[in-house]
Amino acid sequence: MLEHVVNGFNTLTLWKIHLWSCCWGLQTMTEKCETKWSPTEDQIDKIIIPAMQGTAQQYANYANELQCPPAFIALMLRDIADTFEENAITSEKGCDCC
């Protein structure tokens with residue numbers, strides 16, 4: 001199952017669509033920003049997708065080492081994501097993208 005998760009990142013077109021929709025969601029959540037950030041096609045191809053692939057591989061390795069269920073890895077990743085979202089919401093300076 002974890003191999004499927006890592007290999008899923010090879011479907012670049014679907015992930016680009018997913019990334020664009022996520023960035024659109026970020027834009028609507030940070031309406032205080034006068035300038036909205038969204039990644040360029042080059043950033044998606046050269047930074048974001050490789051980072052996501054590397055992260056997926058790293059956490060697949062953790063799952064193998066820990067011999068834990070995939071749900072525990074998902075919990076770890078959600079906790080990291082929640083921390084980023086909480087920091088964005090509680091920031092009094094506005095968003096970092098502007």
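Trainee: How many residues apart in helix 3 are Tyr59 and Tyr62?
Mentor: They are 3 residues apart, so about one helical turn separates them. Keep in mind that this is a predicted model.

Trainee: How many aromatic pairs does the count come to?
Mentor: The count comes to 1 aromatic pair. Tyr59 and Tyr62 form that pair, and the arrangement is edge-to-face. Their centres are 5.0 Å apart, with 90° between the planes.

Trainee: Is Tyr59 buried or exposed?
Mentor: Tyr59 is buried, because its relative accessible area is 12% and the cut-off for buried is under 20%.

Trainee: And what does Tyr62 count as?
Mentor: Tyr62 counts as partly exposed, at 30% relative accessibility.

Trainee: New topic. How many salt bridges are there by the rule used here?
Mentor: The count is 1 salt bridge. Asp42 forms a salt bridge with Lys46. The closest N and O atoms are 3.3 Å apart.

Trainee: How far apart in helix 3 are Asp42 and Lys46?
Mentor: They sit 4 residues apart, so the separation is about one helical turn.

Trainee: What do those two count as for exposure?
Mentor: Asp42 counts as partly exposed, with 43% relative accessibility. Lys46 counts as exposed, with 60%.

Trainee: Let's zoom out. How many helices and strands are in the protein chain?
Mentor: There are 4 helices and 0 strands. Along the sequence, the pattern reads α-α-α-α.

Trainee: What share of the residues counts as buried?
Mentor: The chain has 98 residues, and 20% of them count as buried.

Trainee: Which residues make the nonpolar surface patch?
Mentor: Leu66, Phe72 and Leu75 make it. The patch covers about 290 Å². One of its members, Leu66, is found in helix 3, which spans residues 41–66.

Trainee: What about contacts? What share joins residues at least 24 apart?
Mentor: The share is 60%, taken among contacts between residues at least 6 apart in sequence.

Trainee: Gln67 now. Where does Gln67 lie?
Mentor: Gln67 lies in the loop between helix 3 and helix 4, and helix 4 covers 70–90.

Trainee: What is the phi of Gln67 near?
Mentor: The phi of Gln67 is near 55°. That is a positive value in a residue other than glycine.

Trainee: Why point that out?
Mentor: Because most residues other than glycine have a negative phi.

Trainee: Is Gln67 buried or exposed?
Mentor: Gln67 counts as exposed, because its relative accessibility is 66%.

Trainee: Last topic, confidence. What pLDDT does the protein chain average?
Mentor: The average is 76, and 56% of the residues score at least 70.

Trainee: Where is confidence lowest, and where is it highest?
Mentor: Confidence is lowest in helix 2, residues 12–29, with a mean of 52. Confidence is highest in helix 3, at 97.

Trainee: Which residues have a pLDDT below 50?
Mentor: Residues 9–13 do. Beyond near neighbours in sequence, that stretch has 8 contacts in the model.

Trainee: How should I read a stretch like that?
Mentor: Where pLDDT is low, the predicted coordinates should not be read in detail.

Notes: Residues are numbered from 1 along each chain as its sequence is written. This is a predicted model: local features need pLDDT of at least 70, side-chain atom pairs count only at pLDDT 80 or more; totals for chains, interfaces and linings use all residues. Side-chain values use heavy atoms; hydrogens and water are left out. Patches are made of residues with over 30% relative accessible area and no salt bridge: like charges are joined within 9 Å, nonpolar side chains (Val, Leu, Ile, Met, Phe, Trp, Tyr) within 5 Å. Accessible areas come from the Shrake-Rupley method with a 1.4 Å probe; for residues, only the protein chains shown count as cover. A salt bridge is a side-chain nitrogen of Lys or Arg within 4 Å of a carboxyl oxygen of Asp or Glu. Helices (H or I, at least four residues) and strands (E, at least two) are DSSP runs, numbered from the N terminus. Buried means under 20% relative accessible area, exposed over 50%, partly exposed in between (1.4 Å probe, protein chains only). Rings of Phe, Tyr and Trp (its six-membered ring) pair if their centres lie within 6.5 Å; planes under 30 degrees apart count as stacked, over 60 as edge-to-face and the rest as tilted. Contact means heavy atoms within 4.5 Å. pLDDT is the predictor's confidence in each residue, from 0 to 100.
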